[in-house]
Amino acid sequence: MRRAIYPGSFDPVTNGHLDIIQRGCKLFDEIIVAVLINPEKTAFFTIQERCEILTEVLKDIDRGDCSVTVESFAGLMVEYAAERNANAIVRGIRAISDYEYELQMALMNRRLQPRLETVFMMPAEEYSYVSSRLVKEVFHLGAPIKDLVPPLVEQRMREKSSK
Ligand code: PNS
């Protein structure tokens, strides 16, 4: 049983994240999408909203035989991964600019938990510039975000910002 954790903020989940999950499904029997509870960071969506949106949009992707679930976690990711008996951490790398930070995290995580491997995956080129941060920025400035995020995310962002 190969179980991976795909940790992140997912504020909001983008089509790039979904692309990585679909690719991960080819390698793992189970992927736990793990949303970090980070009280220090102001988020657009609450943890509950992010988990709910992820659970909903994951129903529509091709998962093959892989079981994909969504959970939230707090504290050290490697401790959470050990509790879940995960073999690997999946992280997406879009460009060289992501690599330095991801390498640092992967090596720190390896030091903390040597048995846990980090697997880097590249999203499709069409998502190589897509980030949650930029999606939120262009959305707040009135630009279309269709094709960057699933339709449900766009809908929930509109609902939330009109409140
Ligand atoms: O989507 P993000 O914000 O790039 O994800 C970052 C995340 C959640 C993977 C990272 O911040 C993390 O693992 N945080 C949990 C705390 C932790 O373990 N920190 C040590 C990292 S070496």
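Tutor: A residue is near a molecule if one of its heavy atoms lies within 4 Å of it. This is a predicted model, in which local features need pLDDT of at least 70, side-chain atom pairs count only at pLDDT 80 or more, and totals for linings use all residues. Residues are numbered from 1 along each chain, and side-chain values use heavy atoms, with hydrogens and water left out.

Student: Which residues of the shell around the ligand are there by class: how many nonpolar, polar and charged?

Tutor: The residues surrounding the ligand include Pro 7, Leu 36, Lys 41, Gly 75 and Arg 91. Ala, Val, Leu, Ile, Met, Phe, Trp, Tyr, Cys and Pro count as nonpolar, Asp, Glu, Lys and Arg as charged, and the others, Gly among them, as polar. The shell therefore divides into six nonpolar, four polar and two charged residues.

Student: Which residue has a polar backbone atom 2.8 Å from an oxygen atom of the ligand?

Tutor: A polar contact is a pair of N or O atoms within 3.5 Å. The backbone atom at 2.8 Å belongs to Met 77.

Student: Which element gives the most to the shell around the ligand?

Tutor: Helices (H or I, at least four residues) and strands (E, at least two) are DSSP runs, numbered from the N terminus. Two elements give two or more residues to this shell, strand E1 (3-8) and helix H4 (96-112). The most, three residues, comes from H4.

How values were computed
Polar contact = N/O pair within 3.5 Å; in protein donor to acceptor, adjacent residues only side chain to side chain.
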